[in-house]
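Subject: Structure for you to look at, with some notes

Dear colleague,

I am handing over the structure below, and I would be glad if you kept it open while you read the notes that follow it.

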Amino acid sequence: MKLLLLAAVLSASLAAATPALTYTRSFPGSDPDYIYIHIDRTGALEYKESPKDDNPVKTQMQDGETALLFDLAEKLEYFKSPIESGLKVANTGKKTFRYENENGAPTEVTFNYSTNETAQALLARFEEIAATERAYLDLDRTVHYDKLGVNDALAEIESLWLRKQLVAPRQFLPLLARISSHESFMHLVRDRAARLKDEFTAPAPGASASTSPQ
């Protein structure tokens, strides 16, 4: 019992010591009107659309995707300085970047609009993550409750993929496998799901045949 308790304490300590980034956007009237993304340095990702959501979407980002986010945060000095432009522009929501580190107090910055190119790049990447997780939630919903809507959900995922905006595509594999193998879905839908599954598991261009996909 003592060993189990010690293991739990050590696990919690390690989790707390892992550097992490958080992005939130609050924009009443938009869809969704709230976004929360938390990703630690290991690539563990959580996404939710309500502050009260106790069951966030969880997935694992690839190393390169995670590194890009933390590189951009580093260029912004981990949000120790303001990035708000101060320009009179339309309200696009209250956005916050936050960095947590084991070596000190968390640092964060809140803004509506920034002209800083690095901040814009980080914002765009977080919004791509949000779009990906929304697409995942939509596919999961349609698979279970709206089979006629599955093809449209797949089309959105494919669009993000073709624009190179889909994050952590392997999170879709279980749903794609279910669609492609289940005869309750239309033949066209099964084929599309099977094709996407193959594309998401294919080695990256230039990778050796022995290299496993991320």
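The expected span here is 1.5 Å times one less than the number of residues, and helices (H or I, at least four residues) and strands (E, at least two) are DSSP runs numbered from the N terminus.

Before going further, please keep in mind that this is a predicted model, in which local features need pLDDT of at least 70 and side-chain atom pairs count only at pLDDT 80 or more, while totals for chains, interfaces and linings use all residues. Residues are numbered from 1 along each chain as its sequence is written, and side-chain values use heavy atoms, with hydrogens and water left out.

The buried residues of α4 are Val150, Asn151, Ala153, Leu154, Ile157, Glu158 and Leu160, where buried means under 20% relative accessible area, exposed over 50%, and partly exposed in between (1.4 Å probe, protein chains only). Among the elements that cover them are α3 (117-145), α5 (173-181) and α6 (187-201). Glu158, which lies in α4, is buried with a relative accessible area of 11%. Leaving aside its neighbours within four places in sequence, Glu158 is in contact (heavy atoms within 4.5 Å) with Arg192, Arg195 and Leu196. After α4 comes Lys164, whose phi is positive, near 60°.

In α5, the buried residues are Leu173, Leu175, Leu176 and Ile179. They cover an arc of only 160° around the axis, which puts them on the same side of α5; the arc is that of the directions from the helix axis to the C-beta atoms. The face turned away from this buried side carries the exposed residues Pro174 and Ser181.

Ile179 is also one of the residues with the most contacts inside the largest nonpolar core, which has 48 residues. Such a core is a set of buried Ala, Val, Leu, Ile, Met, Phe, Trp, Tyr and Cys residues joined through side-chain atoms within 4.5 Å. To this core α3 gives the most, with 10 residues.

Finally, strand β3 (residues 44-48) pairs with β4 in the antiparallel sense over 4 bridges, where pairing requires that DSSP finds at least two bridges between the strands.

With best wishes
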